Amino acid sequence: MERTAKSADAPHAPADACFPDVAGLLDAVPGQRGPAPVPVADKTPEVTEATEAPEVADPRRRLRPWRLLPTPTGTPFTFGYAVVLAVTSLVTEYADPTLVHSLLQGSSTDVAHLVRTPVLVLVASALWVAGGIVSPYVLGFLLVMTALERRIGGLRAAGVFLLGHVLATLATELPVGLAVLVGHLPDSSLHRLDYGISFGVAAGTGALAGLLSPWLRWPLLALFAGMLLQDLLAFTDPMTEWGHLMALTLGTATWPWVRRWARTPPRSRRFLSW
């Protein structure tokens, strides 16, 4: 370096002569000059109560009542199923009564059909609504299955629905077949009309209750089970009402699975907010 090669006896040049624009430099190796450091207070100005911005509510926590009902993208299983039920309900309302009776009889999950074509009638029986579109189970299906599908996904919600529908149907029809076989019921019991979505809705209600907070879970179960017990005590259709209670119990038995599914939603729904 040129500065270190000079003799110690050489005349000393003042620092101001080398840097005329800067005064008061010491006679030493100059440091790198840069922008003046910004005080910490300038970078992060203190926010007082008077200037503090108001808290903005999380948009995901805002009440959105329309999400109680199914949508094509948010709940495709429930939405598509609801469209099918709407179509079949219109058929039962406006089609020829003879045709309607033939369709319902062919879709019935009675013992005679379960013996011959079990898979066909188990699927076909779930395409009709007992009581038509004004049945309370239609509203229950929309609210319960929409909420359940938003939490665990379409395929899993469909699995819970089918679990209640299939197992509760078999649990109510097989005893009828055995009772006919031993002579406790007439042969006409093998051909009774049995169809609808109520077993699946009951199972979905039981499963959904496990995902709710306790102050919603137990009133929901008490209200639904109380309604089923009231119908059972009326003794209008005891086999069907026993099936509803069985389906509700099956739904509550799925709590360990639905809770785990709710914590790990399907990949296709991980980017959808509740």
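The legends below describe close-up views of a predicted model.

**View 1. The largest nonpolar core of the predicted model.** This core comprises 36 residues, and Phe141, Leu148 and Ile197 are those with the most contacts inside it. Two or more residues each come from α3 (76–94), α7 (136–152), α8 (154–182), α9 (198–209), α10 (214–234), α11 (238–253) and α12 (255–263). The element that gives the most is α7, with eight residues.

**View 2. The surroundings of Leu148.** Leu148 is among the residues with the most contacts inside the largest nonpolar core. With neighbours within four places in sequence left aside, Leu148 is in contact with Gly153, Ala157 and Val160, and also with Gly204, Ala207, Leu208 and Leu211.

**View 3. The packing of helix α9 against helix α11.** Two packed helices are described by the angle between their axes and the distance between the axes. Here the axes of α9 and α11 come within 6 Å, and they cross at roughly 35 degrees. The crossing in which α9 passes α11 is right-handed. On the α9 side, the contact is made by Ser198, Phe199, Ala202, Ala203, Thr205, Gly206 and Ala207. On the α11 side, the residues are Thr240, Gly243, His244, Ala247, Leu248, Gly251 and Thr252. Sorted by class, the contact of α9 with α11 has six nonpolar residues, eight polar residues and no charged residues. Ala207 of α9, which takes part in this contact, is also in contact with Leu148.

**View 4. Aromatic rings around Tyr81.** The structure holds five aromatic pairs. In one of them, the ring centres of Phe77 and Tyr81 are 5.7 Å apart and the planes stand at 70 degrees; the pair is therefore edge-to-face. Phe77 and Tyr81 are four residues apart in helix α3, and so about one helical turn separates them. Phe77 counts as partly exposed because its relative accessibility is 21%, whereas Tyr81, at 11%, counts as buried. Tyr81 also pairs with Phe161: the ring centres are 5.3 Å apart and the planes are at 70 degrees, so this pair is edge-to-face as well. Because Tyr81 lies in helix α3 and Phe161 in helix α8, the pair ties together parts that are 80 residues apart in sequence. Phe161 is buried, with a relative accessible area of 1%. Phe77, Tyr81, Phe141 and Phe161 form one aromatic cluster. Of these, Phe141 is also named among the residues with the most contacts inside the largest nonpolar core.

**View 5. Phe235 in the loop between α10 and α11.** Most residues other than glycine have a negative phi. Phe235, found in the loop between α10 and α11, has a phi near 60 degrees, a positive value in a residue other than glycine. Its relative accessibility is 62%, and Phe235 therefore counts as exposed.

**View 6. Asp194 in the loop between α8 and α9.** Asp194 has its place in the loop between α8 and α9. At 8% relative accessibility, Asp194 counts as buried, the cut-off being under 20%. Not counting residues up to four places away in sequence, Asp194 touches Ser107, Ser108, Thr109, Ser125 and Glu173.

Technical notes: Residues are numbered from 1 along each chain as its sequence is written. This is a predicted model: local features need pLDDT of at least 70, side-chain atom pairs count only at pLDDT 80 or more; totals for chains, interfaces and linings use all residues. Side-chain values use heavy atoms; hydrogens and water are left out. A nonpolar core is a set of buried Ala, Val, Leu, Ile, Met, Phe, Trp, Tyr and Cys residues joined through side-chain atoms within 4.5 Å. Buried means under 20% relative accessible area, exposed over 50%, partly exposed in between (1.4 Å probe, protein chains only). Contact means heavy atoms within 4.5 Å. Axes are lines fitted to C-alpha atoms, for helices over the stretch in contact, and angles run from 0 to 180 degrees between N-to-C directions. A crossing is left-handed if the near helix is turned anticlockwise from the far one by less than a right angle, and right-handed if clockwise. Ala, Val, Leu, Ile, Met, Phe, Trp, Tyr, Cys and Pro count as nonpolar, Asp, Glu, Lys and Arg as charged, and the others, Gly among them, as polar. Rings of Phe, Tyr and Trp (its six-membered ring) pair if their centres lie within 6.5 Å; planes under 30 degrees apart count as stacked, over 60 as edge-to-face and the rest as tilted.
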